[in-house]
Amino acid sequence: MRLSRAAVLAQAKAAALDGVRRLNCWGSHLTDISICRDLPNIEVITFSVNGISDLEPLHQCQNLSELYLRRNNIRSLDELFYLKTLPRLRVLWLAENPCCGPDPHRYRMTVLRNLPCLQKLDNQAVTEEELSQALVDGVEITAPPARSPVENGWSSTAGATTEPQSQLLSCCLEDTSKTQDELDTKLVPRDKYSSFSTQETDCSCKKSNNVLDAILLLMKELDAEELEIIQQTVARRLQALQKKELQEE
């Protein structure tokens, strides 16, 4: 049975007031899920078969563990940016959205690279091998999507994300020396890139140093659980790179 918009809002508000852990709005013609901003304790949300395109309100649902979004109007995988801050999310069903694109492997790898704590994606269990491969084949999403018409799920938003990312690095670098002292770390040595020309060396070193400095600074804002996720991700990344090097040899 499909619920009216008023009924959906009433159900969501009741969930917020009563501390209900589940919200089922399957096939309710929903396009606006802003009510989710008032559901910080919700654990399971079913929004399948609707017209949802914007996932921004979901980033407030910090207890969310299962999210069902099959057959909506999510056009860009950049919407995953809003799910990356959900520490308990373990089940996601995103299939049959425009963002899935024509390449199922790339789609799955990108989702898993950005949500490495998922245990099940599109009703299929996630394996450790997939998580390792996702670090190589998946695309990292570092900024929210641009709110403009998108032709298809794989349209690039590089132009929209480059500037904020650069600004972040610039801000982070202002406190670089302090971060280096606190974490007792050193910048990547310039002689590591001696095989490149002088110009390439300067460019590569600067980029590597900037990224490393930004990461070190941002780590100060993380709690123990988030640091543990980073540790696991780094381990998988190293494993994937080592495997790739062995294959190339």
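A residue is taken as partly exposed when its relative accessible area lies between the limits for buried, under 20%, and exposed, over 50%. In this predicted model, glutamate 140 has a relative accessible area of 36% and is therefore partly exposed. A search of the whole structure finds six salt bridges, among them one between lysine 84 and glutamate 140, in which the closest N and O atoms are 3.0 Å apart. This pair links distant parts of the chain, with lysine 84 in the loop between β3 (66-68) and β4 (91-93) and glutamate 140 in the loop between α3 (128-137) and α4 (158-173), 56 residues apart. Lysine 84 is likewise partly exposed, at 31% relative accessibility.

Glutamate 140 also forms a salt bridge with arginine 113, with the closest N and O atoms 3.2 Å apart; here the partners are separated by 27 residues, arginine 113 being located in helix α2. With a relative accessibility of 25%, arginine 113 counts as partly exposed, and Lys84, Arg113 and Glu140 are linked in a network of salt bridges.

A further salt bridge joins the side chains of glutamate 130 and arginine 108, at 2.6 Å from N to O, and connects helix α3 with helix α2 (residues 104-114) across 22 residues. In this pair glutamate 130 is buried, with a relative accessible area of 16%, and arginine 108 is buried at 10%.

Arginine 236, in helix α7 (residues 224-248), is buried yet has no salt bridge, the nearest side chain of opposite charge, that of glutamate 128, being 4.4 Å away, whereas a salt bridge requires a nitrogen-to-oxygen distance within 4 Å. Beyond its neighbours up to four places away in sequence, arginine 236 touches Pro116, Glu128, Leu131, Ser132 and Leu135.

Definitions and conventions: Residues numbered from 1 in each chain as written. Predicted model: local features only at pLDDT ≥ 70, side-chain atom pairs only at ≥ 80, totals over all residues. Heavy atoms only, no water. Helix = DSSP H or I, 4+ residues; strand = E, 2+ residues; numbered from the N terminus. Buried < 20%, exposed > 50% of the residue type's maximum accessible area, 1.4 Å probe, protein only. Lys, Arg positive; Asp, Glu negative; His and termini not counted. Contact = heavy atoms within 4.5 Å.
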